Protein chains: 4
Amino acid sequence: MKTIGIIANLGKKNALEVTGRLFHWLQERGLAVLLDRETAETLGQKDLGRQRESLGTEVDFVIVLGGDGTLLGAARAVAPTGRPLLGVNLGHLGFLTEVELRELYERLPDFLAGRYTLDERMLLDIQSPARSLPPLSALNEAVITKGAFARLIHLHTYVNDTYVDTYPADGLIVATPTGSTAYSLAAGGPIVDPRVEVMIITPICPHSLYARAMVINADDVVRVRIEANHHDLSLTIDGQEGYGLVPGDEIIIRRERNIRARLMRSLDWRFHDLLRRKLKENS
Amino acid sequence: MKTIGIIANLGKKNALEVTGRLFHWLQERGLAVLLDRETAETLGQKDLGRQRESLGTEVDFVIVLGGDGTLLGAARAVAPTGRPLLGVNLGHLGFLTEVELRELYERLPDFLAGRYTLDERMLLDIQSPARSLPPLSALNEAVITKGAFARLIHLHTYVNDTYVDTYPADGLIVATPTGSTAYSLAAGGPIVDPRVEVMIITPICPHSLYARAMVINADDVVRVRIEANHHDLSLTIDGQEGYGLVPGDEIIIRRERNIRARLMRSLDWRFHDLLRRKLKENS
Amino acid sequence: MKTIGIIANLGKKNALEVTGRLFHWLQERGLAVLLDRETAETLGQKDLGRQRESLGTEVDFVIVLGGDGTLLGAARAVAPTGRPLLGVNLGHLGFLTEVELRELYERLPDFLAGRYTLDERMLLDIQSPARSLPPLSALNEAVITKGAFARLIHLHTYVNDTYVDTYPADGLIVATPTGSTAYSLAAGGPIVDPRVEVMIITPICPHSLYARAMVINADDVVRVRIEANHHDLSLTIDGQEGYGLVPGDEIIIRRERNIRARLMRSLDWRFHDLLRRKLKENS
Amino acid sequence: MKTIGIIANLGKKNALEVTGRLFHWLQERGLAVLLDRETAETLGQKDLGRQRESLGTEVDFVIVLGGDGTLLGAARAVAPTGRPLLGVNLGHLGFLTEVELRELYERLPDFLAGRYTLDERMLLDIQSPARSLPPLSALNEAVITKGAFARLIHLHTYVNDTYVDTYPADGLIVATPTGSTAYSLAAGGPIVDPRVEVMIITPICPHSLYARAMVINADDVVRVRIEANHHDLSLTIDGQEGYGLVPGDEIIIRRERNIRARLMRSLDWRFHDLLRRKLKENS
């Protein structure tokens, strides 16, 4: 018997109703269901609630109800367990979600029956040796930015200990291919097919005109050193988790070695099909 | 007898020594000299100190010792008095400063003898009717940005009460031609000859791909409305003065009607000569 | 009694039928109608045919049936006569056309009754003193480009005889505000409100990274000198008329002094309304 | 005994003198030397002349005297033989050349003694099944462009038979990482580390605002279909070889499977060092 996990963003419109219906639909078909803790409590199923981080260890796969943002957070939590995620879109067409709400019950049987493919995405591992930041993981990008009142910052950037440049800029993005269609694109970076294994370094509003987005090897190690007189800087993960940085900090970014986010996709899913629809809609 | 004002950025290397020497050089030639208050006190000439804002009313022109940043601040303070400013560069080649330190005493006689031209620059007048912000004036630009941890913001922008767009972006720049070579350029805006009377609206990292820098009439009125659920936004003037904004705020930006910054230039000064040298050096 | 001119692009789908119907609709209301020569012949009204260039002198205004391209050509021909043009769109939403075909007969009475506003657009005057090019006029832009097999070209550019730069590029665009939403936009230039009187110099694929679109005064004179060893260059007007250039040529571009294209617009027409609709659709 | 090949661009200033000196320097050290045919004849060494394509089969490595352009052509010719190339720069600092002329005789001994590393670069294989184009190979890029007088073209682009987009543009670049710092950069593409195995699709002046440079897998196959009504199109290889295209043509671009250009580099060569110096100089 299969066990299905559900992670829901209850802040989305109709999310509670949609989640409750899915919960019952799965149970009626004889499937076991576990929920993220908050959703479990809201549905009055407290004993079926689990931490997001441990949910993956007990289920076959995780259905995520929300938007791309919800899926980003769920993927970071679930990826270490190796379990795949099925993103169900409660909002606008997303780059990461796979199923529109209106087609959920029509398409679920395929995913339950194993008729899907895995769209594996690399993650970034972000460390800051000098400070005791928690171990951080990003699916889209790690961003180092100045605060609103801070002046232009200078970020000394190295790739594999070779000095690359000191970007005078508002900040610097280190993105995965998955993140290439998010913040990095807004800052002028290229679109990168998620099957390509690279990292993208994109400066934000560089004041040096020759600074451009740069595509490097996924095996490279990026090191960004904060100047000793820079205050009011921050590190943001996937646009969701923020941490203050201190002068002299070093941020080291590399590919997560053994962890990948596994997105469930229909057998005929193509990145370029999605890209075409998504960019036209979102532009 | 002429009276010359001096505004100095004492934070620059050698600034105190340079300022002291200039002070004596002018006095030895029978010129009266007034100083900004801080410089006056540091030079032991407290009774010659004046507020920057009132200095202009007592002098024929103001010599500003520092970089472009120093001149921006001095120009905002002096412009309402109509007095011209002569920027003396203590750092790298600037867009606004006119005289390099090494040529100061060779070129000063021309400026004292009236052999110069006035390079007049428009300023922006920034108001926020709902809040009691002080009256604000900008020579480069007014910038509305989100804080480091804030999500994408939506800025509803109007020109002369015609709705233009809601930029989903990190922020929005409204720049003068003078500011076109500063932050707006870093955000993708065009270079605008300072003799052209326009404003430039440049979105910062727009997530909508069709958003582009837009050049509008200097007589237009730009109105930016902050969504009611946006927190952690700020308004920055010339990259120097910052103010917090609150949800629902409206920022209204128009050309300063009767005030211009007047920069003293050599008779053969050409914007395009400067641009060519400056961009090549700074790139 | 009013006389109305019609210029039609018979290459557009249904154009002949649409034009014939409009011709009769106007005649039935007691209006005199003149036609461009080709349309007149096709409709069997040869004696009502006129050269595009002289049509304006005999009519109150000219209705142009086609797309933005048709209107560009018609406007260059009619502008010297001072007569206004009403663009009727037979294709996609345009930047220049005013009336959609489906609303033509509903909106024509307002234009015939004088209930409209004039949207005046500056034109460029393009000369090449060394060669005997015909006198040229552009509503969108003049473009100097290399041929497909030519190498990178170097265009020595001057503004009012001040040397600006030698762009190593595929070419150079000098655009009006009207042209800012056409080729110049594709090459990275800003959007310029058509009420602003400026010219935009936009390099095409510049190999020097610091080259950026530049906005200059409408009263400036742009001079582009072709290097003596450059072959296979061409000058294109509004993307429609092409001329070969020869090594050593000089192209001089300035605003047409006394001629403007006058587009008829509804009384509540706003550029920013159109821009918003158009960019979203076209992106 | 080693045999060294020389390919020289005799069009460069001093190239003949430099080549003659190198020829004798090598011979004096007991090395056999072969030359490209034109250089051999000019030096009066006709029997040492070889076709560029076969030169590689008889030598240990090939010294190329010229600029990046000379090296591009030499690399395409020599790459199939597997022999490495040493680029000696007779002009400005290049991305591909390794040795400056002034340091040639100081650094040559290291290369002759095998103290170097190989910087391997992928090539593109370009085919046009419908027409009998010759087999084409590119080190920088393949470019499909419209002629100067042609209108906007529509290029239907597929990756692995998945439809990607129809770019309305002046043309389309498919570049290698080596080519990412050439034409693709001028058209807005990202910089790609040459150790990354990808292809970059960069539209030239796209009229659809959402079109962006796209990074795809090196194993992907790009197919570009020319619309049946497009005339005056051309295919250009590395900016050096041009071919006319005909309506309905299809261009298929993939990585050269078994051929790589092998550039000889000093043991401490780093792409990022070069990039920093080069972009600052060239901007």
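Predicted model: local features only at pLDDT ≥ 70, side-chain atom pairs only at ≥ 80, totals over all residues.
1. A salt bridge is a side-chain nitrogen of Lys or Arg within 4 Å of a carboxyl oxygen of Asp or Glu. By this rule, two salt bridges cross the interface of domain 1 and domain 2 of chain A. In one of them, A:Asp238 is joined to A:Arg76, with the closest N and O atoms 2.6 Å apart.

2. Residues are numbered from 1 along each chain as its sequence is written, chains are lettered from A and ligands numbered from 1 in the order in which they are written, and side-chain values use heavy atoms, with hydrogens and water left out.

3. Chain A is divided into domain 1 (3–116 + 266–281) and domain 2 (123–258); the bounds come from an automatic or database domain assignment. The C-alpha centres of these two domains of chain A lie 29 Å apart. In the contact (heavy atoms within 4.5 Å), 12 residues of domain 1 of chain A meet 16 residues of domain 2 of chain A.

4. The two domains of chain A bury about 1,100 Å² between them, 69% of it on carbon and sulfur atoms. Buried area is the accessible area (1.4 Å probe) that two parts lose on being put together, summed over both. A:Leu72, A:Arg76 and A:Phe271 supply 56% of the area that domain 1 of chain A buries against domain 2 of chain A, more than any other three residues.

5. Five residue pairs, both members at pLDDT 80 or more, are in polar contact between domain 1 and domain 2 of chain A. A polar contact is a pair of N or O atoms within 3.5 Å; within protein, one must be able to donate a hydrogen and the other to accept it, and residues adjacent in sequence count only if both atoms are side-chain atoms. On the side of domain 1 of chain A that touches domain 2 of chain A, helix H4 (68–78) and helix H7 (271–282) of chain A each supply at least two residues. The largest share, five residues, comes from H4(A). Helices (H or I, at least four residues) and strands (E, at least two) are DSSP runs, numbered from the N terminus.

6. An open sheet of seven strands has the order S18(A)-S17(A)-S9(A)-S12(A)-S14(A)-S15(A)-S13(D), with mixed pairing. Strand S18 (241–245) of chain A and strand S13 (191–192) of chain D stand at the edges, each with a single partner strand, so one side of each has no neighbour in the sheet. Two strands pair if DSSP finds at least two bridges between them. Strand S14 (residues 198–204) and strand S15 (residues 214–217) of chain A pair in the antiparallel sense over four bridges, and A:Val198 stands opposite A:Asn217 in S15(A).

7. Chain B and chain C each give 32 residues to their contact. Together they bury about 2,700 Å², 60% of it on carbon and sulfur atoms. B:Tyr210, B:Arg212 and B:His272 supply 22% of the area that chain B buries against chain C, more than any other three residues.

8. There are two salt bridges between chain B and chain C. B:Asp220 forms a salt bridge with C:Arg195, the closest N and O atoms being 3.3 Å apart. Two bridges also join S15(B) to strand S13 (residues 191–192) of chain C, and these strands run parallel. Here B:Val215 stands opposite C:Val192 in S13(C).
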